Amino acid sequence: MPALQDSTRSLPGIGPKKAALLEKLGLRTLQDALELYPRDYDDRTHITPIAALQEGERACVRAIVGSTPELRRIRRGMELTKCTIFDESGSIGVTYFNNRYYAALLREGQEYLFCGAVQGRGRGRQLISPDYEKLSPGACGHIVPIYPLTAGITQRMLLQLTEAALNAAEGKYPDFLPGHLLAQYGLPPLQNALRSIHRPETMEEAAAARRRMVFEELFLLCCGLQRMKGKRLEQPGLRFEKIDLDSFWQALPFPPTGAQQRAVSELAADCAGGHPMRRLVQGDVGSGKTVTAAALCVLAAQNGFQAALMAPTEILAAQHAQSLAPVFRALGLSCVLLTGAMGTAEKRAKHAAIASGEAQIIIGTHALIQKGVAFSRLGAVVVDEQHRFGVKQRTALRQKGEMPHVLVMSATPIPRTLALILYGDLDVSVLDELPPGRQPVQTFAVGERMRQRIYQFMEKQILDGGQVYVVCPLVEEGELPLKSAEQHAQALRQVLPHRRVALLHGRMKPPEKDAVMTEFAAGQTDILVATTVIEVGVNVPNANLMVVEDGDRFGLSQLHQLRGRVGRGKKQSYCIFFGKDKGEKARARLKILCGTNDGFEIARADLAQRGPGDFFGQRQHGLPVLHVANLASDLALMQSAREEAERLLAQDPSLSRYPALRERVNRMFSE
Ligand code: ADP
Ligand code: MG
């Protein structure tokens, strides 16, 4: 009998060709097959009488073949094989498309279990290409696992492989999860769970097995992350001896919110602790994250270090520099702005100030991580809108200093538990409170037939002294039906010829963008038609209406971010999403935004709808890939897994009492 470590080729019927295909699924050994869990199950335990079959459902019937399957050629390349089957309640036709060999094996007068989709009504009712199997007399149906497939690999092969793997594992696969956790969470032991997840007898059994595998995966992940964090906390870091926050609070133009105070004391404690800080501040748009960034910069400067604040766009960097300048000035700290758009001479002067240490706080764009930039004593870095940067860029900034304290900021608020996992070994502060006096933005999703009314509404807002953003999705080459930002601007200039319409898009040069933005901020333009370059940070309190074209093209969290550009002043603000008139799903999505201004709630809905892959972008967090756990729906287990991992590692940091567990953690993090 083949062993778990054996290659799939040790099984009969698997040669080099099939083995290569299996490798595409990640299957090299039987062990791999053991860990390839079904993506779904076909529940064949419920048998429906033929008379009760409903159009459109997928069902299993136990029936006798009433006629020999007949082959008919409809046209070139299209064959049908048809027969009739019956049970005590009635009869139904069966049709196979281009599958005559499978159909031909059905024997007239024999009883089978057929599972497939029901199509048509009345006399036209049929089962379409059902799977069938012979039943031993008296046997009832069972549950068939459905494995993920790749071209050339069939379910039957995977059934055979997993069967062999299960047999090889029998008795040789001790559980690596601590026994007390199994007991506490009611999880089946590994050996049972493996059998149940591959060959469940009931759907409940399959669900219990999956729950164990999800817990296991999350627990391994959390153990690994916790260990990384433990290692970081063993490293010595810069110790900021002097923590004077009072003067900072006084220099701010407004009293801080409770949440800002909490986040700032958390990061101050990190900096004073003598280990390198890695902290994420997450908070909804407008929650005032910039204040926490400024606090870290001030602490660094007060302790004789430099601080760097990196923002994703020129506009945003400039705005930070501008709004924070009075605060830093009041504290007697020097601050410079460095962006890619600056002229060579200006850049050179700034580089010199940064290298000499004369510049204490440096705000900038990607320009900060260029080769020519050398800091004299970089002690703290902040990455604003961190999702706009890749792992490499974030690391590059950190490496400009020697173990500086690191703060990253994210405006995609996600549940804390999830953040703790997704952002790996970071600590998390949450700004869950908006500054006082914000009015919720009134939000509407509308169809194309409202367009004229919306134009009138724009006009009314401008008459009342407001300004308008019109946001358009990026148009990629070869995409026809969408209008570009240019076309929208043209259209608006025709409908509202007396209004000043400006255009802002990503292909413009930074100085042009700046000019357009500055004019808009100064109230010299009424309508700014833009692509998503305005998504982050821009602050024009007088703008109180945002119209988003093709709203269904954006993710919910992104729309929420966009909406955060209005509602910043005293006037009531509005956000209007144009969506397709049809497409109920798209409209339902937009309705979520109309119903709430709470970014956490929106992120949760977004995550549930799109799944974590799309939501977070291509593995930008750099964590091990999860195969079973679903980051959107397994939150409760995630919470438990994290708490238990923390508890276990607190008692046994190197997992010396759990060698099998340690080995699995290592394996997960080495992949
Ligand atoms: P975020 O980056 O979290 O979206 P910002 O830091 O840009 O938010 O702050 C949004 C706006 O709120 C800014 O105009 C800022 O000056 C203002 N603000 C921040 N904190 C407070 C506060 N405690 N009280 C009043 N206004 C504040
Ligand atoms: Mg911000």
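This is a short tour of the structure above, with something to select at each stop.

Before you click, note that this is a predicted model, in which local features need pLDDT of at least 70 and side-chain atom pairs count only at pLDDT 80 or more, while totals for chains, interfaces and linings use all residues. Residues are numbered from 1 along each chain as its sequence is written, chains are lettered from A and ligands numbered from 1 in the order in which they are written, and side-chain values use heavy atoms, with hydrogens and water left out.

**Stop one: the nonpolar core**

Select Leu158, Leu161, Phe215, Phe219 and Leu661. In the largest nonpolar core, which has 96 residues, these five touch the most other members. A nonpolar core here is a set of buried Ala, Val, Leu, Ile, Met, Phe, Trp, Tyr and Cys residues joined through side-chain atoms within 4.5 Å. Buried means under 20% relative accessible area, exposed over 50%, and partly exposed in between (1.4 Å probe, protein chains only). Now colour helix H7, residues 203-234: the largest share of this core, 12 residues, comes from there. Helices (H or I, at least four residues) and strands (E, at least two) are DSSP runs, numbered from the N terminus.

Zoom in on leucine 161. Setting aside neighbours within four places in sequence, leucine 161 is in contact (heavy atoms within 4.5 Å) with Thr8, Leu11, Ile14, Leu22, Leu27, Leu30 and Ala33. Apart from this core lies another one, of 43 residues, including Phe240, Ala268, Leu296 and Leu407.

**Stop two: salt bridges**

How many salt bridges does the structure hold? There are 33, each one a side-chain nitrogen of Lys or Arg within 4 Å of a carboxyl oxygen of Asp or Glu.

Pick arginine 664 and glutamate 35, whose side chains meet in a salt bridge at 3.8 Å, N to O. This pair links distant parts of the chain, 629 residues apart: arginine 664 sits in helix H22 (residues 659-670), and glutamate 35 in the loop between helix H2 (30-34) and strand E1 (40-43). Arginine 664 is buried, at 11% relative accessible area, whereas glutamate 35 is partly exposed at 24%.

Aspartate 42 lies in strand E1 and arginine 58 in strand E2 (residues 58-65), so the second bridge ties together parts 16 residues apart in sequence.

**Stop three: ligand 1**

Show ligand 1 and the 16 residues around it; Gln260, Gly286, Lys289, Thr290 and Arg438 come nearest. (A residue is near if one of its heavy atoms lies within 4 Å.) A backbone N or O atom of glycine 286 lies 2.6 Å from an oxygen atom of the ligand, and one of proline 255 lies 3.0 Å from a ligand nitrogen.

**Stop four: glutamate 549**

Finish at glutamate 549, in the loop between strand E20 (543-548) and helix H18 (556-563). Glutamate 549 is buried, with a relative accessible area of 3%. Its contacts beyond four places in sequence include Val470, Cys472, His488 and Phe578.

Key:
A polar contact is a pair of N or O atoms within 3.5 Å; within protein, one must be able to donate a hydrogen and the other to accept it, and residues adjacent in sequence count only if both atoms are side-chain atoms.
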